Amino acid sequence: MKVSPSLLSANFANLTPDLEMINDSNCDLLHLDVMDGVFVPNISFGFPVMKAVSKVCLKPLDVHLMIVEPQNWISHVADLGAEYMVFHQEACTHIHRTVQAIHAAGMKAGVSLCPATPIETLEDIIGDLDQVLLMSVNPGFGGQPFIPRAVEKVRKLRRMIDESGSRALINVDGGVNASTGALLAEAGADILVAGSYVFGAADPRAAIDSLKVL
Ligand code: DX5
Ligand code: ZN
């Protein structure tokens with residue numbers, strides 16, 4: 001399993017030890033949650049903070065934009081050297097154009113779906129995607145309880161991706177821990193995002209390893 005710890009649950013008053021932990025850990029990506037107070041009822045951090053993080057972090061960045069008009073921020077995300085730019089289906093009218101523009105900027109493209117958005121909305125774009133980020137909580141906050149229906153959604157998306165021959169990886173975000181992670185792994189997830197489970201753990205590297213083995 002690939003693991004993408006979410007910086008949202010790190011210590012914002014002193015990020016250095018948390019970033020050193022990420023660099024020394026077996027995680028695959030670092031997940032950065034950008035919130036605008038419009039698409040979601042919360043504001044997290046923006047580009048100046050991510051720029052500083054990108055200079056220190058040795059792991060590829062998995063940037064999750066929970067913002068309206070994500071297409072306006074492609075060059076900013078590319079400037080971070082991000083591996084993935086992931087935006088919400090619910091926040092973007094021209095998904096096809098945005099995916100092409102992300103690729104043209106040299107990044108991998110991901111689309112995220114809120115819990116109530118059906119995977120069928122991706123049927124005509126799945127072949128162009130590098131990642132689908134299924135939300136297993138309502139976006140906006142760390143530490144929320146896992147929505148169990150996400151497991152069947154992963155299974156259904158696995159089928160859609162395999163049948164279409166798409167290269168898209170299935171990433172799941174929200175309420176992930178070793179037990180919900182095991183259900184998601186069995187259903188066909190490729191990447192797990194984990195915020196509070198990793199940064200709230202006494203031993204965050206061990207928490208990452210407990211997801212890596214799934
Ligand atoms: C929520 C964010 C998540 C969040 C997950 O809107 O997209 O990435 O950090 O936090 P946990 O793992 O604590 O549910
Ligand atoms: Zn996220």
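Predicted model: local features only at pLDDT ≥ 70, side-chain atom pairs only at ≥ 80, totals over all residues.

**Reading the model feature by feature**

Mentor: Let us begin with one residue: W73 is partly exposed, with a relative accessible area of 33%. Residues are numbered from 1 along each chain as its sequence is written, chains are lettered from A and ligands numbered from 1 in the order in which they are written, and side-chain values use heavy atoms, leaving out hydrogens and water.

Trainee: Why does the pair of F12 and F45 tie together parts that are 33 residues apart in sequence?

Mentor: F12 belongs to the loop between β1 (2–5) and α1 (15–24) and F45 to the loop between β2 (30–35) and α2 (47–56), so the pair ties together parts 33 residues apart in sequence. Helices (H or I, at least four residues) and strands (E, at least two) are DSSP runs, numbered from the N terminus. F12 is partly exposed at 46% relative accessible area, whereas F45 is buried at 8%. F47 and W73 form an aromatic pair that is stacked, with 5.6 Å centre to centre and 10° between the planes. Here F47 lies in helix α2 and W73 in the loop between β3 (61–66) and α3 (74–79), so parts 26 residues apart in sequence are tied together by the pair. F47 is buried, with a relative accessible area of 16%.

Trainee: Let us turn to H88. Is H88 buried or exposed?

Mentor: H88 is buried, its relative accessible area being 0%. H88 lies in strand β4 (residues 84–88). Contact means heavy atoms within 4.5 Å. Leaving aside neighbours within four places in sequence, H88 has contacts that include F39, H64, M135 and P139.

Trainee: Which side chain does a polar contact of 2.9 Å join to that of H88?

Mentor: A polar contact is a pair of N or O atoms within 3.5 Å; within protein, one must be able to donate a hydrogen and the other to accept it, and residues adjacent in sequence count only if both atoms are side-chain atoms. The side chain of H88 is joined in this way to that of E90, at 2.9 Å.

Trainee: Which residues come nearest to ligand 1?

Mentor: A residue is near a molecule or strand if one of its heavy atoms lies within 4 Å of it. Of the 20 residues around ligand 1, the nearest are S6, G140, D173, G195 and S196. A polar side-chain atom of H64 lies 3.2 Å from an oxygen atom of ligand 1. For D33, a polar side-chain atom lies 2.9 Å from an oxygen atom of ligand 1. In the side chain of D173, an N or O atom is 2.7 Å from an oxygen atom of ligand 1. Taken alone, ligand 1 exposes 380 Å², and the protein buries 100% of that. Accessible areas come from the Shrake-Rupley method with a 1.4 Å probe; for residues, only the protein chains shown count as cover.

Trainee: How many salt bridges does the structure hold?

Mentor: A salt bridge is a side-chain nitrogen of Lys or Arg within 4 Å of a carboxyl oxygen of Asp or Glu. The structure holds nine salt bridges. One of them joins the side chains of R205 and D24 (3.5 Å, N to O). This pair links distant parts of the chain, with R205 in helix α8 (residues 204–212) and D24 in helix α1, 181 residues apart. R205 is partly exposed at 35%, while D24 is exposed at 54%.

Trainee: Where do R167 and D130 lie?

Mentor: R167 forms a salt bridge with D130, whose closest N and O atoms are 2.7 Å apart. R167 is in the loop between α5 (150–164) and β7 (169–173) and D130 in the loop between β5 and β6 (131–135), so the pair ties together parts 37 residues apart in sequence. R167 is partly exposed, with 47% relative accessible area, whereas D130 counts as buried at 9%. Salt bridges that share partners also join E152, R155 and E186 into one network.

Technical notes. Buried < 20%, exposed > 50% of the residue type's maximum accessible area, 1.4 Å probe, protein only. Phe/Tyr/Trp six-rings, centres within 6.5 Å; stacked < 30°, edge-to-face > 60°.
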